[in-house]
Amino acid sequence: MSFKIVGKYIKKIDFNIPNHKTFFLLTKDISSYKVNIDIKSEQIKEKILEIQTTLSLLSNDNREEKIETRLVYSSIIELEKQIDNKKEIEKIILIDVPTKIYAELRKIFILIFESSGFKEIKINKDVDFQKLY
């Protein structure tokens, strides 16, 4: 492995159910939302990067009242050596780090839903980041 994760934290949580009507509709229509994963990175110092993996639910239709959910999970990594190959760095950012932290990210996201009364939330246990890349 050419990097190590030196820190992980929840950078941001957005979880908004605007009203009781949306809450009750969501209990029936949770399957109409799709899971979205977004990955961004930023260089902090030489050989140190922050990778932000965002997990959110997006509505498939254009309804006015919908939930807004987003969890941004930040991983601070240290490269063990100088990497000049851009493809290798992309692989670390878009495949290796998200693969390592996804189980934790998913667990937190599901806990938020379950704590809000949604026991039927289903989010894939595994994501093939290699395939998505």
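Strands β3 (residues 48-59) and β4 (residues 68-79) run antiparallel and are joined by 10 bridges. Within this pair, Leu55 has Leu71 of β4 as its bridge partner. Strands are DSSP runs of E with at least two residues, helices are runs of H or I with at least four, and both are numbered from the N terminus. Two strands pair if DSSP finds at least two bridges between them.

This is a predicted model, in which local features need pLDDT of at least 70, side-chain atom pairs count only at pLDDT 80 or more, and totals for chains, interfaces and linings use all residues. Residues are numbered from 1 along each chain as its sequence is written, and side-chain values use heavy atoms, without hydrogens and water.

The open sheet holds 4 strands in the order β1-β4-β3-β2, with antiparallel pairing. Its edge strands are β1 (3-16) and β2, each pairing on one side only. Neighbouring strands are turned by 15° against each other on average, direction ignored.

Helix α2 (residues 86-115) lies across β1, β2, β3 and β4 and runs at about 140° to β4. Axes are lines fitted to C-alpha atoms, for helices over the stretch in contact, and angles run from 0 to 180 degrees between N-to-C directions. Contact means heavy atoms within 4.5 Å.

The lining of the largest pocket divides as follows.

| Class | Lining residues |
|---|---|
| Nonpolar (Ala, Val, Leu, Ile, Met, Phe, Trp, Tyr, Cys, Pro) | 10 residues |
| Polar (the others, Gly among them) | 2 residues |
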